[in-house]
Amino acid sequence: MFDLLTEMWSFAFMRRAFVATTVLSASVAPVGAFLVLRRLSLAGEAMAHAITPGIVIGFVTAGLSVMSLLIGGLIAGVGVAILTALLARRTILRSDASLASLYLIALAVGIFILSAAGSAVPLKSFLFGSILGIDDASMMLVGGVAMVTLVSFAFLLRPLIVSTCDPVFFETQTRRPWLVDQGFMLLLVLNLLAAFKTLGTLMAVGLMILPATAARYWASTITGQLFLGFVFAVSSCWIGLTLSYLFPDTPSGPAIVLVAGGFFIFSAVFGPLGFGGRLRKPSVSTETPVAQIHQEEKAQ
Amino acid sequence: MSAVLELRDLTLGYRDLTLFRRLSMDIEAGSTLAVLGANGSGKSTFVKMLLGLMDPLGGQLNWPSGRPGEIGYLAQMTEFDRRFPIRVRDLAAMGAWRGFGFRGGLDRAARDRMTAALDEAGVLDIADRPLHQLSGGQLQRALFARVIMQDAPLILLDEPFAAVDQSTEAHLLSIIRRWRDEGRAVVLVVHDLSSVLDHCSHALLLGGQEATHGSVSDVLTPDRLVAQGYLSESQAAWMFRGVPTASEPAHV
């Protein structure tokens, strides 16, 4: 076991991969936690697809550089976010339907342009990333995004908690409630871009959502949720990277997300707020079981 | 008594629907105003307008001593997500979150104030429980603790008793009485004619594109309630049986 670790550590690309995913975990974990709490889990997935045409157009016109990725992705992400808000506010569609319509168009545009341009980069690395080939610029991108994210969260955390827990109340508390919403969406796009290079568009959201949903089964406080989410994310990365080192033909993105999925299933079965909670706490408990919440929500 | 808020010639509604026209009234310090009306008559819209979340179609809101930095607000409980991972204590603290700044803990005075608020709302013993473990009544008490923490001169409560039992209702009414005695103005959206009205000094009846304001006994007459679509004639006759009305004097 120890031999394996020293051998793995002796390769520069593995060291980079471990450092990059550790920093990435610290950055995406809080974003994922609030995606889940704000009921935007699926919106996160949709947004990951929505930024594809921006990345592709940036790549086709300016090559596979971090700057083209960042600029193209930001324009596409922010554009889709604004259009979604516009459609939801001015037309009959709700925001989920608006976002779904837009991300399907965006994904199709992205893949169409990529194929039409006869790209040298295979589709597979767009979808699943290429964590084993991270260069210095990508490391800088991950580090930069992590810094921006963590500093933003230090300032945004309280308003974000209040606006997530009780949006109606939050609206009465500030003149610019949309600032928090849009700021959070911007952080989401930035983190998707940081994760894109390493995990690909299909897997990027996996490292956000799965550790957060797994943590949700154990934590009853925000602090616990954030901390556990990070622990699950970083563990998924380390175990996933080791797995993909042991089985050289497996891409690292799916390996990492698969481990995160393992944490999720384990938590759903054994976590106190999952199935396990109801099995171990029979009706003598004074606590309201999850089943009662379901019933009351149905009644409303 | 001094007015916290003066409404002048207020017209409220949406682009294609006017809820009422040219309402002028004062919301006074130390008063409790009950807002009644049929579904869709604009009770919640009225509250949202007072909060500044919505502009009236016409008229003015004047704040004689300035718009307070904090307006106490309790939305209808159905709008609340009970699965959010937060403890009762933190929910109450939310009432004063702007005062705590972006980070840092609560100082001694804030902690004392919070303990008092949790105690008065009757949730001190469950202060460390997460929200998903609370009953509907306990959650409403926790939300009242948050309103207490807001410490506002004007307090707006949207159907606070819709989903709570009688003993919780009585407990929460005692808190409302204290607010009134302290000279705060309380606006209370109520969904039915009940003993809650005994605790209100004024009433505002919405419906039929009209708004009637006055003392509870002046506004909530059978004729008015029928005219503004709140009760049918037979409902009014049953509810007010034995009560003399203007059209039919009681036999002595």
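## The sheet of chain B

In this predicted model, chain B contains an open sheet of three strands, arranged in the order 2-1-4 with antiparallel pairing. In general, the strands of a sheet pair through backbone hydrogen bonds, in either a parallel or an antiparallel manner. The edges of the sheet in chain B are formed by strand 2 (17-28) and strand 4 (58-62), each of which pairs on one side only. From one strand to the next, the twist averages 15°.

The pairing of strand 1 (residues 3-14) of chain B with strand 2 of chain B is antiparallel and extends over eight bridges. One bridge can be located by its residues: Leu5(B) has Ile27(B), in strand 2 of chain B, as its bridge partner.

## The contact between the chains

Chain B contributes 25 residues to its contact with chain A, and chain A contributes 22 residues. On the side of chain B that touches chain A, 14 residues are nonpolar, four are polar and seven are charged.

## The overall make-up of chain A

The secondary structure of chain A consists of 15 helices and zero strands. Of the 300 residues in chain A, 46% are buried. Contacts across the sequence can also be described: among those in chain A that join residues at least 6 apart in sequence, 71% link residues at least 24 apart.

## Helix 12 against helix 13

Helix 12 (residues 222-246) of chain A and helix 13 of chain A have axes that come within 8 Å and cross at roughly 130°. The two helices of chain A are therefore oblique to each other. The crossing of helix 12 of chain A and helix 13 of chain A is right-handed.

On the side of helix 12 of chain A, the residues that meet helix 13 are Phe232(A), Ser236(A), Cys237(A), Ile239(A), Gly240(A), Leu241(A), Leu243(A) and Ser244(A). Their counterparts in helix 13 of chain A are Ser252(A), Ala255(A), Ile256(A), Leu258(A), Val259(A), Ala260(A) and Phe263(A). Sorted by class, this contact of helix 12 with helix 13 of chain A has eleven nonpolar residues, four polar residues and no charged residues.

## Helix 10 against helix 13

Helix 13 (residues 252-270) of chain A also approaches helix 10 (residues 178-204) of chain A: the two axes come within 8 Å and cross at roughly 60°. Because of this angle, helix 10 of chain A is oblique to helix 13 of chain A. The crossing of helix 10 and helix 13 of chain A is right-handed.

Helix 10 of chain A makes the contact through Leu199(A), Gly200(A) and Met203(A), while helix 13 of chain A makes it through Gly253(A), Pro254(A), Ile256(A) and Val257(A). By class, the contact of helix 10 with helix 13 of chain A comprises five nonpolar residues, two polar residues and no charged residues. Ile256(A) of helix 13 takes part in this contact and also in the contact with helix 12 of chain A.

## A residue of helix 10: Leu188(A)

Leu188(A) belongs to helix 10 of chain A. Leu188(A) counts as buried because 26 C-beta neighbours lie inside 10 Å, and the cut-off for a buried residue is 20 or more. When neighbours within four places in sequence are left aside, Leu188(A) is in contact with Val31(A), Leu35(A), Gly44(A) and Met47(A).

Leu188(A) and Val205(A) are 17 residues apart along the chain, and their C-alpha atoms are separated by 9.7 Å.

Terms used
Residues are numbered from 1 along each chain as its sequence is written. Chains are lettered from A and ligands numbered from 1 in the order in which they are written. This is a predicted model: local features need pLDDT of at least 70, side-chain atom pairs count only at pLDDT 80 or more; totals for chains, interfaces and linings use all residues. Axes are lines fitted to C-alpha atoms, for helices over the stretch in contact, and angles run from 0 to 180 degrees between N-to-C directions. Helices (H or I, at least four residues) and strands (E, at least two) are DSSP runs, numbered from the N terminus. Angles under 35 degrees count as roughly parallel, over 145 as roughly antiparallel, 65 to 115 as roughly perpendicular and the rest as oblique. A crossing is left-handed if the near helix is turned anticlockwise from the far one by less than a right angle, and right-handed if clockwise. Two residues are in contact if their C-beta atoms, placed from the backbone, lie within 7 Å. Ala, Val, Leu, Ile, Met, Phe, Trp, Tyr, Cys and Pro count as nonpolar, Asp, Glu, Lys and Arg as charged, and the others, Gly among them, as polar. A residue is buried if 20 or more other C-beta atoms lie within 10 Å of its own, exposed if 12 or fewer, and partly exposed in between; C-beta atoms are placed from the backbone. Two strands pair if DSSP finds at least two bridges between them.
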